Amino acid sequence: MKIAFIGLGNMGGGMAANLVKAGHEVRAFDLAEAALAAARAAGCTTFASAREACAEAEAVVSMLPNGAIVKQVYWDAVIGHAPEGAILMDCSTIDVATAREVIEVSEAHGYQMVDAPVSGGIAAAAAGTLTFMVGGSAEAFARAEPILAAMGKAVIHAGGPGTGQAAKICNNMLLAIHMIGTCEAFAMAEKLGLDPQTFYDIASVSSGQCWSMTSYCPVPGVGPKSPADNGYQGGFAAGLMLKDLKLAMEAAAAVGARVPLGEHARAIYEDFARENAAVDFSGIIRAL
Ligand code: NAD
């Protein structure tokens, strides 16, 4: 299938390469020349503009930094430029309202579209093991699913337009809260005279067990290998966690959801990211 891919950064570069490996003809565009060169090396055909990449595409995938850029790219280069009837998939993490607006306008112009943000970082994008949370109609999901499956280990239909983004920000708000909780517990256990490995052996089989502890332990040398074992590099950057928490707080305000712990987590990551935006989000343990 001819697939236009817009946004070949840390995530999009690996995703586009996996579409090529699955046998698709990938028509790639990014503003950065280095990203285009890497995409060519991975077997994509690159174009001088997003419009040219979208012309003739049966499907469009975008992986862009934020909602304003997603809107700009869809308004300028996708809608009215990709052939009518193409299936559009925005995999960026953006606000629910913009996701719904872009889907509504795209569908009014004869396309089908889903929001399909991902869980999993740069390594999962490269390995093709992302989880896609997909919002859109049943028909749009059925068309998007096999394309997304070539880039991930799970593709889940969350519901109507925007619910993929809703799932993503609720998941990441929960992740931020239990990562901070895990860090607090390890830091306090140590002050109380407990060895971190011993605390892990106890808590990982007790009721405090959670993903931040047993899959992504913030203490170096404890639990399976994680960014803590690599100087808090190479995972999910604190700056991106802060971005997702801000989106979550906006969404909570829009629907009147009470999220006192989510708000507190946002404030903690805001402080931390001021000087540590590129540090893995589990590095928050250094601030506790
Ligand atoms: P990135 O900054 O590495 O990549 C974004 C790419 O978009 C860049 O190459 C940039 O040149 C390109 N771009 C910007 N404006 C453009 C435009 N108008 N036209 C074409 N290309 C344009 O970011 P990333 O880490 O790949 O993240 C992409 C999205 O994925 C974000 O929404 C992010 O929140 C989400 N995400 C990232 C991670 C992660 O671990 N990095 C994990 C999950 C979700």
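Visitor: How is the protein chain divided into domains?
Guide: Into two pieces. Domain 1 covers 2-160 and domain 2 covers 166-287. Keep in mind that this is a predicted model.

Visitor: How far apart are the C-alpha centres of domain 1 and domain 2?
Guide: The separation is 29 Å.

Visitor: And how many residues are in contact between domain 1 and domain 2?
Guide: On the domain 1 side, 10 residues. They meet nine residues of domain 2.

Visitor: What area is buried between domain 1 and domain 2?
Guide: About 770 Å². Carbon and sulfur atoms give 65% of that area.

Visitor: By class, what is on the side of domain 1 that touches domain 2?
Guide: Six nonpolar residues, three polar and one charged.

Visitor: How many salt bridges are there between domain 1 and domain 2?
Guide: The count is zero. Polar contacts do turn up across that interface: three residue pairs, with both residues at pLDDT 80 or more.

Visitor: New topic, the ligand. Which residues come nearest to the ligand?
Guide: There are 24 residues around the ligand. Asn-10, Met-11, Asp-30, Leu-64 and Lys-243 come nearest.

Visitor: Which polar backbone atoms sit by an oxygen atom of the ligand?
Guide: Met-11 has one at 2.8 Å from a ligand oxygen. Thr-93 also has a polar backbone atom by a ligand oxygen, at 3.0 Å. Thr-93 is also one of the three residues I named for the domain interface.

Visitor: And Lys-243, how far is its polar side-chain atom from a ligand oxygen?
Guide: That distance is 2.8 Å.

Visitor: Last one. How much of the ligand's accessible area does the protein cover?
Guide: The protein covers 85%. On its own, the ligand has 830 Å² of accessible area.

Notes
Residues are numbered from 1 along each chain as its sequence is written. This is a predicted model: local features need pLDDT of at least 70, side-chain atom pairs count only at pLDDT 80 or more; totals for chains, interfaces and linings use all residues. Side-chain values use heavy atoms; hydrogens and water are left out. Domain bounds come from an automatic or database domain assignment. Contact means heavy atoms within 4.5 Å. Buried area is the accessible area (1.4 Å probe) that two parts lose on being put together, summed over both. A salt bridge is a side-chain nitrogen of Lys or Arg within 4 Å of a carboxyl oxygen of Asp or Glu. A polar contact is a pair of N or O atoms within 3.5 Å; within protein, one must be able to donate a hydrogen and the other to accept it, and residues adjacent in sequence count only if both atoms are side-chain atoms. Ala, Val, Leu, Ile, Met, Phe, Trp, Tyr, Cys and Pro count as nonpolar, Asp, Glu, Lys and Arg as charged, and the others, Gly among them, as polar. A residue is near a molecule or strand if one of its heavy atoms lies within 4 Å of it. Accessible areas come from the Shrake-Rupley method with a 1.4 Å probe; for residues, only the protein chains shown count as cover.
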